[in-house]
Amino acid sequence: MISNRVTLLGHKDHGKSTLIGSMLIVTKSVSSERLEKAKSISSKLGKIFEPGFIIDSFEEEHEGGLTIDTSRASLVFNGNFIEFIDVPGHEELIGNMITGASYGDTALIIISALRNEGITEQTKRHVLIAKMLDIKNLIVAVNKMDLISYDEKTFNKIKNEFKTYLDRIGWTWCTFVPISAYKMENLISRSGKIPWYEGECLITTILNAPKSKVSQSKKLSIILQGNLDNNTILGKILSGSIHINDKLLILPYMKNCKIENIFVKNKSSKIARKGINVAIRVNPPIGVTRGNVASTKNSNLHTVKAFDSLVFPIRNQRGDISININGTISKSLIAPKALIDKYGGLKDSKVLKSLSVSFATVRVQDVVVIERSIPELSRFTMYDSKGFLGIGVIK
Amino acid sequence: MADIEKAALKLQKSNKIDDWESFSEELKKSNVKYYRVFYKGLNKSDDLKRSYVELYDIKNKPITRVPLSVIKKNDIRGALIYLKDLRSVNLVSK
Amino acid sequence: MIKQNLSLLEERSIFLLREAVSRFDNVAALWSMGKDSTAMLAVARKAFVSKIPFPVIHIDNGIDFPETYEFRDLLTKKWKLDLIVAESKIKKELSGFSCCGSNKTEALKKIMKEQGFNALIVSIRRDEHGIRSKERYVSKRNKDFKWDYKNQKAELWDDYSSKIEEGEHARIHPLLDWNEIDVWNYTQAEKIPVNPLYFSRNGFRYRSLGCTHCTSMIKSNAKNIPQIMAELKVSTTEERQGRDQDKEKDYVMSKLRALGYM
């Protein structure tokens, strides 16, 4: 069964939790216990039952009506497995939002059709983060259509306005779907209430989204985690493959060694490919630490102390910055050059702006290994004295 | 009275570690196959003293009973590890 | 319940276990002899080419099932495990809530302090219960074993760099992405030994294992893993049905987790 992981983005009041709850109900993917429990909780709190209560399990979420951290909900529809990842919309919880968003293959952003709601700063910010996280597909669900009498003009207005922004920041695949999460319209079948809409219902749109291509780099790269013993190193192959007798180059030390044996799980193996965790017996013995990378001489992975990137800080900087790139933690200096403004264009800026994406040159104290064609080696997290500061993608 | 019953009676009078260990020896030689635990509320640690384990043979016939607890360095602990060769009798749940 | 791709799940868990060992210098794993923690140990044997580099802790309140004690001793011998038994006392208040909560947590705190463990591998899964679905692959516990679930730091891109101060520890959850049916599927595929309490006798079996006081049986005729898996495919009852503590309060699990009980 193919897995579709969908991250739900958008402003907290635009109906994300309701949408997941409704999707679970219409695809009959929620147990009767869970449904009863959610109903009894809402009546205890004196509220009308809301499908979103099914997935909120934290006390604060029940009582405050907010989502604080990511929740996941899975459903099966016609033999397809879909996992929804609901992330908090609130600015203060952006760290949790980024964490949850990074798991998805498809981003589903919800925009309320109501005049006083619509496209917000948060909507745009979420979509920018999704782009940074390298999510390839975007579905825009225009929600609460029931509250505007399923009006075609309003839908088109939102669609055109948002499409302009998306074009400017470079989304290649996106599609717009009108829905009502609360009334369960156009979720798993075309809705009679929206006769002017010619596209597919939401679930079909999700299932039709192109599957993202995994990195096809032919270069060998293995992220190393440490030694099992003096002769054996542990790691995960990110790209390429290895065979017994191959020569390895351990970066950033630039040390050479030869593969004497390969263990995949408990068994000795002559070959191992991308995605596999391996234990490699090498000669001569080499001590490795987390952050080191094994490759070959020809692969030309870069060992650098400076690079250009897009960075997204979730708050104002406090104190010196260090970055974590593939397990190597290094003090660094970040020099912004420009930032992406609210229209999706570039504006000169020498300062990092909280909750905005900037182009910046990053300099690191310790040599790091980077490779733009391999996701794990072209992204990093940032920290300062207060803790997690944000994320960065190498350009 | 069978040896196992005598050993169980001894254990009911004194359930220190040594007593459980002697009982274990007898258990290996006996025809006891199943156990069932009876809890007396377990709301106070005293209840642990009053709880017990019923022992059965292969035909589910009750043979004798033993304490649930063992006294270890002045502490009362569960003693179910001493019954590890037995299987739960699995009657309808409490 | 949907079966996922075991190979992908296993690779991910191997990676996480190796991360734990590489990042923290004093790692231990909790082992309850249940299907999840036993499957985790089977994965660990693969991650470290049969030499599990950390000890396994059994928090023992003395009233576990005799079958569980036997299973523990057999598997410890077979897999050459470094077993630590942390004895917990049964205390005065023993409702379903505090029996398995506070007294086990205390025993755990004691052994962690004694041995200086700074990371603990715990085999919880996201699908087990509402609150656990918020867990991260690596999460920090403070000195009082409390989980600050409101302030979890961002975790993405395999960056598990929480700063651990003295007295604190990290919890690692290698089976977080697995669901109940995946654990059984893996157990069968790898021929992992199974605690006999999971299988039906006289029309009853245990779906999830706690100690003899708090665990009740469920009606079932599943005598082997394929039958258990068939039951799960149609099951709509949550796994923890049969463990009394969950019936007490709506939000009790929130509190238990925050207190450090898994």
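## Cis prolines and model basis

Pro284(A) sits in the loop between β14 and β15 (293–295) of chain A, where helices (H or I, at least four residues) and strands (E, at least two) are DSSP runs numbered from the N terminus. The peptide bond joining Asn283(A) to Pro284(A) is cis, with omega about 0°. Another cis bond runs from Leu251(A) to Pro252(A), with omega near 0°, and Pro252(A) belongs to the loop between β10 (247–251) and β11 (255–264) of chain A. For background, most peptide bonds are trans.

Please keep in mind that this is a predicted model, in which local features need pLDDT of at least 70 and side-chain atom pairs count only at pLDDT 80 or more, while totals for chains, interfaces and linings use all residues. Residues are numbered from 1 along each chain as its sequence is written, and chains are lettered from A and ligands numbered from 1 in the order in which they are written.

## Domains of chain A

Chain A is split into domain 1 (3–208), domain 2 (223–299) and domain 3 (302–394), with bounds that come from an automatic or database domain assignment. Taken over C-alpha atoms, the centres of domain 1 and domain 2 of chain A are 43 Å apart.

## A covered strand and an enclosed helix

Let's look at strand β8 (residues 232–239) of chain A, where eight of eight residues are buried. Here, buried means 20 or more other C-beta atoms within 10 Å of a residue's own, exposed means 12 or fewer, and partly exposed falls in between, with C-beta atoms placed from the backbone. Strand β7 (residues 221–229) of chain A pairs antiparallel with β8(A) over seven bridges; pairing requires at least two DSSP bridges between the strands. A hairpin of two residues links β7(A) to β8(A), and Ile222(A) has Ile237(A) as its bridge partner in β8(A).

β8(A) also runs antiparallel to strand β14 (residues 277–283) of chain A, joined by five bridges. Within β14(A), Val278(A) is the bridge partner of Gly235(A).

Helix α4 (residues 94–101) of chain A is largely enclosed by the rest of the structure, because eight of its eight residues are buried. Among them are Ile94(A), Met97(A) and Ile98(A).

Asn186(A), although not a glycine, has a positive phi of about 65°. Asn186(A) has 27 C-beta neighbours inside 10 Å, so it counts as buried. In chain C, phi of Asn202(C) is near 55°, and Asn202(C) is partly exposed, with 13 other C-beta atoms within 10 Å.
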